[in-house]
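Please take a moment with the structure shown here, which the following paragraphs walk through step by step.

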Amino acid sequence: MLHKNNITKMVFPSISSFSFLFILAFFLLLTLYTTLHRPTTTATPSNKLHQNDRPHSLHYQNIFLSSASNYTLATYLRHLTLQPHLAGTPPSLQTTLYVKSHFEALGLETHVSNHTVLLSYPSFSSLTAHFSNGSSLDLPLSEPGFSGVVKAYHAYSPSGSALGQPVFLNYGREQDYIALRGLGVQFKGCIGIVRRGAGLSRNAAVEKAAAHGVAAVLMYTEGEKFAGVERGTVMKGLGDPLSPGWWAGVQGGERLRLNDPQLNERFPAIPSMPVSADTAEIILSSMEGAPLPQEWRENLKSNKIGRVGPGPVLLNFTYLGEKKMETIHNIFAVIRGSEEPDRFIILGNHRDAWTYGAVDPNSGTSALLEVGRRFALLMRLGWSPRRTIVFGSWDAEEFGMIGSTEWVEKNLVSLGSKAVAYLNVDCAVQGPGFFAGATPQLDDLLFEVTKKVKDPDSENISIFETCKVTNRAINIQRLSGVDSDFAPFLQHAGVPSIDLYYGRDFPVYHTAFDSYDWMVNFGDPLFQRHVAVSGVWGLLALRLADDPILPFNYLSYVAQLQEYRNALSNFLEGDISLNPITLAIQDFKAAADEIAEQKLSEDERMDEFSVLKKRMLNDRLMFAERGFLDAEGLQGLRWFKHLFYSMQIYGPQIDGGSELNFFPGVVGAISRNTGMNKGERQEAIQHEVWRVARAIERAACALKGSLT
């Protein structure tokens, strides 16, 4: 891996000045050609246009695809990753100004929304191992050879020290503690060694350790970059911890005190630090005690770990952190809709990074700038969207989606009444293979768009065709996590959402090696995957912004709900009735069938009554997702309002093998109420079943569009 100081090398060193001028001339000729040859229309008022009355609607989509530039994408990424840019630091402000000035240079309406929030930074940390032979070793806590990179730490970890023997806790699940007890292992007062994985968040793993009497936690990630240290947050929930559920503003707004009990509930009770796999192996390979359970051994990537401890090595652990009020900056660029300016399609990506952020998140930032550049070209050629397009560049995502969450909380009413969809790209390019997550009504649109975008790793076939040839349909995941900026839009505001990325599980995640050099050597040397993500992202936005009838298919939602209901039936005890959900799905299906027929029957007349009918139809399509929100939220986590997709926030409680990643209220009731008697437990679960059924009924009512 090249050192970051060598970052000044160009992406394509073989491209000469003459070649660059040739490319520039080509695009100028393309612009001239499309200006002279774009189809003309009669002078129909803009608010009376239908897509089929705009012959150049598809024409503009083709221009969008043909104007891609991998060179431009590489240039954006190089500038964005010149230095580490952790939120709240001066280098982060430089990336803010870079993105803002780029949007302004494109001629887009640009503004910045500032928020003062509580962030967390390391002051001092140390880790010393004292071995049984009398020797000691100061263990490294960050990657060597990187200047300016923040020392590896867990944001919002409490400060503290611990002196104790280490014990290996595997993933830190409840079943792992049960396995250790079965081996007679005592872990109270020890320093737990936890490996990342098994769906547990950092917060969940540390909270579980604290509940079992562990004194402190060291956390490592297995992977190819054994010297890399994965930074991250251990805060529970999303948004500024001082204003849970509301936007506090820049200054003078209501905030919790630093000693407020609500605040303490957001942070773990014991300190934790990340370490590299190399450092973890030094500790674990020196441990004695009970042998590793066979199941753990089979999943370990290191063959030097054979015992779980505790000891005999002794660890001296110290972490001192500082929580500070800092101002973060969300940047917006807006393209106003010409016919429905009060309907918004939002494209979002966060800028802040733990280190250089070439993959996470600035591959996505580069794609955002590229989509903006291409849309600006379309505007110069005469295009204007039917609905408003908003580009959002979020800050402080790595601390817990703080920038996007604060903005959603501030604009909750407007989003609820005006947001059509939120399209998220975080780590645009991690490696090969196209992946997407979405709410089900957007599945068909994703399929249609991927048929038009060339696959970067195949010859002259689309992303969709590549998946078909390899006998792997595009696997659209559901957005059941809280790991990127789609979370506040979907799980708090009920906005239909999509998340896009190429590749997954890249080895330099949140480490100092997540650099421009890694991208050009391993992630995407020719930046063609960046081109593909930008193409899919932009076409999705164009369709959602320009289609007269929103391209939502709720029959896909019906199929997903039926699948959820069947899976839940196989999981639950026979005394729990799912009949309320079954009947609600039937009602929802009838509404979805009806609106699908109405979409097909809509004619192309553009008189005032027809325009109003389309507007009413689109409102029903847009608002149905809001029906799945529940004002009470999830038990113990009221901020999370969506009853279908917030499953992973219950990670600490879902132990023992549950694979359900939907209906979080039901699953939470199953896991939370094991201490009740049978009748009480069934009643609690049945209540959550009824809540789900009522949510489906609300969505069905929204699709029907009439009062009952």
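How many of the residues of strand β13 (residues 419-429) are buried? In this predicted model, 11 of the 11 residues of β13 are buried, so the strand is largely enclosed by the rest of the structure. The neighbours of β13 include strand β11 (residues 340-350), which pairs with β13 in the parallel sense over five bridges, and within that pairing Gly-348 has Asn-424 of β13 as its bridge partner. Strand β16 (residues 497-502) also pairs with β13 in the parallel sense, over five bridges, and here Val-425 stands opposite Leu-500 of β16.

From the strands we can turn to a helix. Helix α10 (residues 362-380) has 19 residues and reaches 27 Å from its first C-alpha to its last, which is close to the 27 Å expected at 1.5 Å a residue. This helix is mostly covered, with 17 of its 19 residues buried, and α10 is followed by Gly-382, whose phi is positive, near 110 degrees.

As for Phe-588, if residues up to four places away in sequence are not counted, its contacts include Val-558, Leu-561, Ile-696 and Leu-703.

Tyr-554 and Phe-588, by contrast, form an edge-to-face pair, at 6.1 Å centre to centre and with 80 degrees between the planes. Because Tyr-554 lies in helix α18 (residues 554-571) and Phe-588 in helix α19 (residues 579-601), the pair ties together parts that are 34 residues apart in sequence. Both Tyr-554 and Phe-588 are buried, and ring pairs link them into a cluster whose members also include Phe-552, Tyr-564, Phe-628 and Phe-663.

Finally, a word on the cysteines. The structure holds zero disulfides. Cys-190 is buried, with a relative accessible area of 8%, whereas Cys-701 is partly exposed, with a relative accessible area of 29%.

Note on methods: Residues numbered from 1 in each chain as written. Predicted model: local features only at pLDDT ≥ 70, side-chain atom pairs only at ≥ 80, totals over all residues. Heavy atoms only, no water. Disulfide = S-S within 2.5 Å. Buried < 20%, exposed > 50% of the residue type's maximum accessible area, 1.4 Å probe, protein only. Helix = DSSP H or I, 4+ residues; strand = E, 2+ residues; numbered from the N terminus. Expected span 1.5 Å × (residues − 1). Contact = heavy atoms within 4.5 Å. Pairing = 2+ DSSP bridges. Phe/Tyr/Trp six-rings, centres within 6.5 Å; stacked < 30°, edge-to-face > 60°.
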